[in-house]
Amino acid sequence: MKGFFKKGLLLILVGLLIFSLSGCGQNSGATNDKKEENQSSEGAVNYPTKPITIVVPYNPGGGVDTSTRTIQPFLQDALGQPVVVENRPGGGMSVGYNYVAGAKPDGYTFMAAPIPTMIFTDLTLPNLKAKFNEFKPVASWVNDDCSPLVVRADSPYKTLKDFVEAAKSKTMKLGLSGGAYSTDHMTYAMLSEVTGVKFNLVPYGSSGEALAALEGGHVDAILASLVTAITAQDAGQAKILAVSKNERLSIAPDIPTFKEQGYDVVIEFHIGLFAPPNTPDDIVKIMADKLVQAASSEEFRNRVKEVKSPAGEPMTQEEWSKYCQDEYNRWKEMVNILEKHPLG
Amino acid sequence: MDFSLWIRGLTALIQPSTIGWLILSSVIGYITGALPGMGAALTISLLIPITYYLDPAVALIIMGTIFTICVYGGSLSAILLNVPGTAGSAATCMDGYMMAKNGQAKTALGISTGASFIGSIGSTILLVVGAQVLLKPMLALGSSEYFWITVLGLTIIASLSDTGMVKGFIGGCIGLLLSFVGQELVTGTYRYTFGSLYLISGLELVAIIIGFFGVSEVIGMMVGKEISISKVNKLSGSVWEGMILPFKYLGATIKSFIIGFLVGVMPGVGYSISTWLAYNEVKRTSKHPEDFGKGSVEGVIAPEVSNNSTVGGSLLPTLLLGIPGSDTAAVILAGMIAHGIMPGPQLLSQRADLVYTFFIGLLVAGFFIIIMGLAVLPFAAKVTVMPLGIVAPIVTILCFAGALSINVSVNDVVVVVLTGILGYVMKKLDYPIVTVVLGFVLGPIMEENMNRAMLAVGGSIKGLFVSPLSWIFIILVIASVGQSIYRQLKNKNKKEALV
């Protein structure tokens, strides 16, 4: 029994140590020197004076993470301060969302978030610490992304019209790269709404799995991530029938949109920065200007061309704020069509 | 095969800086592999931004090396401490840790080194010499086939339940129940989340594994009377001796290799399943199935060969179709695209120089397994004869730090502690906790594929039976269940005859 207590005591000590360490890690994003806070009260703001954290509410390696790490060195140069990318995944994007909602609004913590996913999160999840509208949109640097409808290269359907007409007479299998309440679910719901066609939906966990099912002949068409689809098309395995952008993509201008083919399906994906609620406007402005400067730089343009990132032109603070507000109003009305077109 | 390509690949590799990166990434891969929680996917995705500044060939070598060595490193902590470093080493705990308890840690580590070497070199060679023919048939497997393959996986529970099938099934059901936590894919319903945002994305596999294997073992160390992990308190055998054993049990090695490679090629499933399938098959056909779970040599060979051959297998669809065979392969794919290397059938013809440098890098990484093994293992094995008063806190640190490294969330630590306590209680009551982990791993894959197969035909159960290919697996399931029942009956008769 004596041995048990000896070992047990050590364990408890170690446990306490780890919990206290992790406690520090949790708060580090929000702690701040009192001195620097006072400096912003009068005249020109002295910002930034220390490293800035950008929270990515997803795992490393995903689209938002990769895009954030691509801009990070350029943003760092523009700001003259280190920029740290911190992953806080979980609960869709709600864990990172809540973390930034509760972070100190001092301009040293931001969130890199995708639109419209962040809006869907606000509209469909309970228990969030802040409404979407309470966050302050900063600026955006990924603006040329959307959802493509993909068929096999040897598919009998050469155009979107072929496909939709054929789907009216026979039930097609449509593979999605995400589950209920994902952006693919929304794209499908909109497509079904404007065409009146019902598909047998097969939701997959990722674009790779959906592409495998397409290649194996298990589904007739898929919705996938744009990079996956373009890569597969370039390799001669797949054909993109339409993309869900308002205008044609600047990285692949030869692919027609849904809209120009007569089907009003517009869902665009953007990635931008958001500041925690109540962040001072002058600080948000400085960050926005620096982000646009970084995203417009020659080196960044070359970099995104190399990595085939669907970046496009950056949006300024005014453009991004207006875009976010318009999208929020649009999706608030539209979100109920998800219930009208359930996956199963 | 064009030999000039090999020579060009080799010359690209023999540059001081490239070799330097190879060594560095081996060391990084070994450490992050051995530490529970940090898997290959996380390590590689954190390194991708650094590779932007390097030659694409070097970037490929770094990613391939880390993938290979990480999986091997995971077995170090699995064998010595019963804490699998990656999900691919969970099955290694079964017999590897038992060997360590019997004082044969060095031999077990040697087996894992030799087996990983074979798995990794073999799968790389298979990648090069026309494994392309496998691609089409593997893609022909759809949701209904995946469903039946996972059901086949669940029938393993019967053969893992030495203490009685009922207890094994109860364990499996607990695992399935735990896997249901979170948002459901098709309807978006929240199951067992109790309004908590943390639970929406479900429980983490790594946390479950660390809890059930690692923490439950630590509790056992605290409560038990042993003075060190090795019950005999001394080390017998040697690493070298162990390294040769996979060649002696060639049948088990080849079977595990093939299973691992084929499962690797299938998208969406990886070494968290192939290792168990290989373990089951080797046990089923072994001359000494009764030794499994008590420190069987074949029981270490099976998961160790198959996890590394799964790595090679999962690269095949990644390189040639742009379809990642596992989550780590998905990260490698992202890294390739970031370097302007477009995967697809044309890759071998257009970027042959790069691809062959990559293959040679993978082969060299295979030999690094041996080097790392001989350099590190004889010292590492001493952990098993150290006093538990020192070892137990170290394991606790590893478990907690591993849980924290998943999401930097204290919630994962809570899960690890709770599952650890549950695991300890179950062990005391003679429940095979490994069936819990198996149920947890297979549950979501089984459920999602059942849903897909049914949705594809408009929501009917018929979807599970329409494809002729799925009948192969249905028959295998029936055969596997039948064999288990037959064995149980035979054992019963034997016992009765003895009485």
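1. Let's start with the chain pairing in this predicted model: about 4600 Å² is buried between chain A and chain B, and carbon and sulfur atoms account for 68% of it. In residue terms, 59 from chain A are in contact with 62 from chain B.

2. Which element gives chain A the largest share of its side touching chain B? That is α1(A), with eleven residues. Other elements of chain A that each supply at least two residues include α3 (63–79), β7 (200–203) and α8 (207–215). By residue class, this side of chain A divides into 24 nonpolar, 26 polar and nine charged.

3. Now to the inside of chain A, where the assignment gives domain 1 (47–145 + 269–336) and domain 2 (148–266). Their centres, taken over C-alpha atoms, are 27 Å apart. Between these domains of chain A about 1100 Å² is buried, 64% of it from carbon and sulfur atoms, with 16 residues of domain 1 in contact with 13 of domain 2.

4. The count between the two domains of chain A is one salt bridge; D144(A) and K245(A) meet through their side chains in a salt bridge at 3.3 Å, N to O. Four residue pairs in polar contact are counted between these domains as well.

Note on methods
Residues are numbered from 1 along each chain as its sequence is written. Chains are lettered from A and ligands numbered from 1 in the order in which they are written. This is a predicted model: local features need pLDDT of at least 70, side-chain atom pairs count only at pLDDT 80 or more; totals for chains, interfaces and linings use all residues. Side-chain values use heavy atoms; hydrogens and water are left out. Contact means heavy atoms within 4.5 Å. Buried area is the accessible area (1.4 Å probe) that two parts lose on being put together, summed over both. Helices (H or I, at least four residues) and strands (E, at least two) are DSSP runs, numbered from the N terminus. Ala, Val, Leu, Ile, Met, Phe, Trp, Tyr, Cys and Pro count as nonpolar, Asp, Glu, Lys and Arg as charged, and the others, Gly among them, as polar. Domain bounds come from an automatic or database domain assignment. A salt bridge is a side-chain nitrogen of Lys or Arg within 4 Å of a carboxyl oxygen of Asp or Glu. A polar contact is a pair of N or O atoms within 3.5 Å; within protein, one must be able to donate a hydrogen and the other to accept it, and residues adjacent in sequence count only if both atoms are side-chain atoms.
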